[in-house]
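User: I would like to go through this fold by question and answer. Please start with a helix and then move to the sheet.

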Amino acid sequence: MRSRQIRRLAPATITTLLAMTLGGCGAPTDTAPAGEAARPSTVENPVLRLRMVDVPAEFEVTANQDRDLVLGHTDPAVGGSIVIDALSPDDGQNLVSAVAFHQAFIENQEDGDYQGGQELVSPLGTAFYSRGRFTLDGEAVEEAKIFSLHPDGDRILTLRYRYPAGVDSSVRVQQLFDVLGTIEGL
């Protein structure tokens, strides 16, 4: 008896789910709420051979010219910026070595305190993140950096997120992961 009820319910459920799915598949709109400027949904940098699709709302593009691709936090009180770069193919593809170099960089800064790193699985494949704190121009800052292979597969892609040091490290690292998830090749 119960399996007959489920069989009769299944087509209705499938129809409802299909209608809900198709209802959400309309053409995307670029209209912003009144008083707000429209944010671009896609950002491209031909020199770096990168495209970012659906940049998280916490960030806006503050530079995108030549090799400069920088996102700034939209809330000035929160602060911080993410610099995206593609190293030269001549620099190799050794992600572990790049993390070790970042650790040495952090430890050689004023009040440098390396916080560690971790291997990740990202949309671009294996990646690593590395994080530490130091003093820069008299202010305590934290820097989280992701090292991944560029979508072209011939160089290292880096995302460096530098922000005022605080108690929100896990939130900041998650924001960096979210930005990594938007990146694809041209």
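User: Which residue caps the N-terminal end of α2?

Analyst: This is a predicted model, in which local features need pLDDT of at least 70, side-chain atom pairs count only at pLDDT 80 or more, and totals for chains, interfaces and linings use all residues. Residues are numbered from 1 along each chain as its sequence is written, and side-chain values use heavy atoms, with hydrogens and water left out. Helices (H or I, at least four residues) and strands (E, at least two) are DSSP runs, numbered from the N terminus. A side-chain oxygen lies 3.2 Å from the backbone nitrogen of V96, and the capping residue that supplies this oxygen is N94.

User: Which residues of α2 are buried, and why do they line one face of the helix?

Analyst: Buried means under 20% relative accessible area, exposed over 50%, and partly exposed in between (1.4 Å probe, protein chains only). On the other side of α2, V96 and F101 are exposed. The buried residues are L95, A98, V99, H102 and I106. Seen down the axis of α2, they line one face because they fall within an arc, taken over the directions from the helix axis to the C-beta atoms, of 100°.

User: Which strands are among those that cover the buried residues of α2?

Analyst: Helix α2 (residues 95-107) packs on the sheet, and its direction makes about 5° with that of β7. Axes are lines fitted to C-alpha atoms, for helices over the stretch in contact, and angles run from 0 to 180 degrees between N-to-C directions. Contact means heavy atoms within 4.5 Å. The cover of the buried residues includes β6, β7, β8 and β9.

User: What is the strand order of the open sheet, and which strands stand at its edges?

Analyst: Two strands pair if DSSP finds at least two bridges between them. The seven strands pair antiparallel in the order β3-β4-β5-β9-β8-β7-β6. Each edge strand has a single partner, so one side of each is left without a neighbour in the sheet; these are β3 (59-65) and β6 (113-122).

User: Which residue of β9 is the bridge partner of S81?

Analyst: S81 in β5 also stands opposite G72, and β4 and β5 pair over four bridges. Strand β5 (residues 81-86) pairs with β9 (residues 156-164) in the antiparallel sense over six bridges. In β9, the partner of S81 is R162.

User: How many residues of β4 are buried?

Analyst: β4 forms a hairpin with β3, with two residues between them, and N64 stands opposite L69. β4 is largely enclosed by the rest of the structure, because the buried residues number five of the six.

Terms used: A polar contact is a pair of N or O atoms within 3.5 Å; within protein, one must be able to donate a hydrogen and the other to accept it, and residues adjacent in sequence count only if both atoms are side-chain atoms.
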